Amino acid sequence: MQQMKWRVGMGFDVHQLASGFKLWLGGIHVPFDKGSVGHSDGDVLIHAICDALFGAANLRDIGYHFPDSDPMLKGVDSKILLRKTMEIIRKAGYEVGNVDSTICLQQPKINPFIPEMQEVLSSVMQISVEDISIKATTTEKMGFEGRGEGVSAYAVVMLYK
């Protein structure tokens, strides 16, 4: 009988916030007067989750697999990147045990959007909603997040083989 192999990965992403862009978090559009500036749609939560998945499987990072120098990825929906990440992870023989994540943003308030984000991520990743934790915090008006200049996200995932 083969022993189950568990791996943990951590991901982080940050994007500038600016007028004229949409705010995408966890695969959904969050209404706000600023949005994430990025080569793709700038979804920091999905990018952090992708990085955590790649890290746990020892498959480098999101920039290696989806470089911002690739013109085909300009403006891409990050759910597509997450779907492709899951294909790569599964091809390597891994499944997701759980995801734990935190979004750092002074405004807007994210709590009302978390259940929808969990549903979207569950669908894209093909895992249970119960296995996706999303938390939100402010930085008490300190740093770039607190000044409304940017948004960051952290994610930890557990993979098993």
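This is a predicted model: local features need pLDDT of at least 70, side-chain atom pairs count only at pLDDT 80 or more; totals for chains, interfaces and linings use all residues.
So, helix α1 is mostly covered: 12 of its 13 residues are buried. Buried here means under 20% relative accessible area, exposed means over 50%, and partly exposed is in between, with a 1.4 Å probe and protein chains only.

Residues are numbered from 1 along each chain as its sequence is written, and side-chain values use heavy atoms, with hydrogens and water left out.

Okay, back to α1. You'll find it at residues 44–56, and its 13 residues reach 18 Å from the first C-alpha to the last. That's close to the 18 Å expected at 1.5 Å a residue, where the expected span is 1.5 Å times one less than the number of residues. Among the buried residues are Val-44, His-47, Asp-51 and Phe-54. Keep His-47 and Phe-54 in mind, please.

What does Asp-43 do at the start of α1? A side-chain oxygen of Asp-43 reaches to within 3.2 Å of the backbone nitrogen of Leu-45. We call that sort of thing a polar contact: a pair of N or O atoms within 3.5 Å, where, within protein, one must be able to donate a hydrogen and the other to accept it, and residues adjacent in sequence count only if both atoms are side-chain atoms. After α1 comes Asn-58, whose phi is positive, near 55 degrees.

Ser-122 gives us another contact. This serine lies in helix α4, residues 114–125, and is buried, with a relative accessible area of 12%. Its side chain reaches the backbone oxygen of Ile-127 at 2.5 Å.

Now the largest pocket, which holds about 250 Å³ of space. The volume is the space filled by probe spheres set on the points, which are joined across faces, edges and corners.

Which residues line the largest pocket? They include Asp-13, His-15, His-39, Ser-40, Phe-66 and our friend His-47. Strand β1 (6–18) and helix α2 (62–65) are the elements that give two or more residues to the lining. By class, the lining has 5 nonpolar, 5 polar and 2 charged residues. For that count, Ala, Val, Leu, Ile, Met, Phe, Trp, Tyr, Cys and Pro are nonpolar, Asp, Glu, Lys and Arg are charged, and the others, Gly among them, are polar.

Asp-13 sits in strand β1 and is buried, at 17% relative accessible area. From Asp-13 to Thr-137 you go 124 residues in sequence, and 15 Å in space, C-alpha to C-alpha.

Next, rings. Rings of Phe, Tyr and Trp (its six-membered ring) pair if their centres lie within 6.5 Å; planes under 30 degrees apart count as stacked, over 60 as edge-to-face, and the rest as tilted. By this rule there are 3 aromatic pairs. Take Phe-12 and Tyr-154: the ring centres are 4.8 Å apart and the planes at 45 degrees, so that pair is tilted. The pair links distant parts of the chain, with Phe-12 in strand β1 and Tyr-154 in strand β7 (residues 150–160), 142 residues apart. Phe-12 is partly exposed at 37%, and Tyr-154 is partly exposed at 39%.

Then there's Phe-54 with Phe-66: centres 6.2 Å apart, planes at 50 degrees, so tilted. Here Phe-54 is in helix α1 and Phe-66 is in the loop between α2 and α3 (78–91), 12 residues apart. Phe-54 is buried, at 0% relative accessibility, and Phe-66 is buried at 12%.

Most residues other than glycine have a negative phi, and most peptide bonds are trans. Arg-60, though, has a positive phi of about 70 degrees. That arginine lies in the loop between α1 and α2 and is exposed at 56%. Lys-141 has a positive phi too, near 65 degrees; find this lysine in the loop between β6 (132–137) and α5 (143–146), exposed at 63%. And a cis peptide bond joins Gln-107 and Pro-108, with omega about 0 degrees. Pro-108 lies in the loop between β5 (95–104) and α4.

Conventions:
Helices (H or I, at least four residues) and strands (E, at least two) are DSSP runs, numbered from the N terminus. On a 1 Å grid over the protein atoms alone, a cavity is a set of points where a 1.4 Å probe fits but cannot get out, and a pocket is an open set with protein on both sides within 12 Å along at least five of seven lines; lining residues have an atom within 4 Å of a point.
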